Amino acid sequence: MAIIRKTKSVKALLDAFEKTDNAISVVGLVKQLHQKMNKTTVYRILERLEEEGVLHSFMDKDGLKWYAKCSDCSVGHHTDTHPHFQCSDCGKIECLTFEVNIPKLRNYRIDSAELLLIGHCENCI
């Protein structure tokens, strides 16, 4: 896929990620951007930004999809295999800053890996 054009919708979605260091749920993005674009547009742009290596996604403990900014990813290749943390009390989710080394398995090709740590954040301890 070609580099994403910076339409008003793409800019509005990217601005949401510039305002926070935390991950944002797809439901939260749809609610936040409902006056600027419809749900289908949000999902389509998120998919394209993930393919371009701008954002990465992961599932929370309830199966809800979240998105966060990538570090050094490229088109179709995500290099930021890091864990995410979800607070059981306030629900805050964030990327943790250390990488996890995924072992090479003989006779397997690993395309992606997710590690979600669930506990209590510094504000809820």
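Let's start with what covers the buried residues of α3: the list includes α1 (8-18), α2 (26-32), β2 (55-59) and β3 (65-69). Contact here means heavy atoms within 4.5 Å. Helices (H or I, at least four residues) and strands (E, at least two) are DSSP runs, numbered from the N terminus. Buried means under 20% relative accessible area, exposed over 50%, partly exposed in between (1.4 Å probe, protein chains only).

A word on the source. This is a predicted model, where local features need pLDDT of at least 70, side-chain atom pairs count only at pLDDT 80 or more, and totals for chains, interfaces and linings use all residues. Residues are numbered from 1 along each chain as its sequence is written, and side-chain values use heavy atoms, leaving out hydrogens and water.

Back to α3. Which of its residues are buried? T41, V42, I45, L46, L49 and E50. Seen down the axis of α3, they fall within an arc of 160°, so they line one face of the helix. That arc is taken from the directions from the helix axis to the C-beta atoms.

Now the ends. At the start of α3, a side-chain oxygen of N38 comes to within 3.2 Å of the backbone nitrogen of T40. After α3 comes G53, with a positive phi near 80°. G53 sits in the loop between α3 and β2. It is buried, at 9% relative accessible area. Its C-alpha is 5.1 Å from that of V75, 22 residues apart along the chain.

Next, salt bridges: a side-chain nitrogen of Lys or Arg within 4 Å of a carboxyl oxygen of Asp or Glu. How many does the whole structure hold? Five.

One of them is K11 with D15, closest N and O atoms 3.2 Å apart. Both lie in helix α1, four residues apart, about one turn. K11 is partly exposed at 47%, and D15 is partly exposed at 29%.

Then D21 and K69, whose side chains meet at 3.9 Å, N to O. D21 lies in the loop between α1 and β1 (24-25) and K69 in strand β3, so this pair ties together parts 48 residues apart in sequence. D21 is exposed, at 69%. K69 is partly exposed, at 31%.

K61 and D62 also pair, at 3.8 Å, N to O. K61 is partly exposed at 43%, while D62 counts as exposed at 62%. Finally, salt bridges with shared partners join K92, E94 and E122 into one network.

Conventions. Polar contact = N/O pair within 3.5 Å; in protein donor to acceptor, adjacent residues only side chain to side chain.
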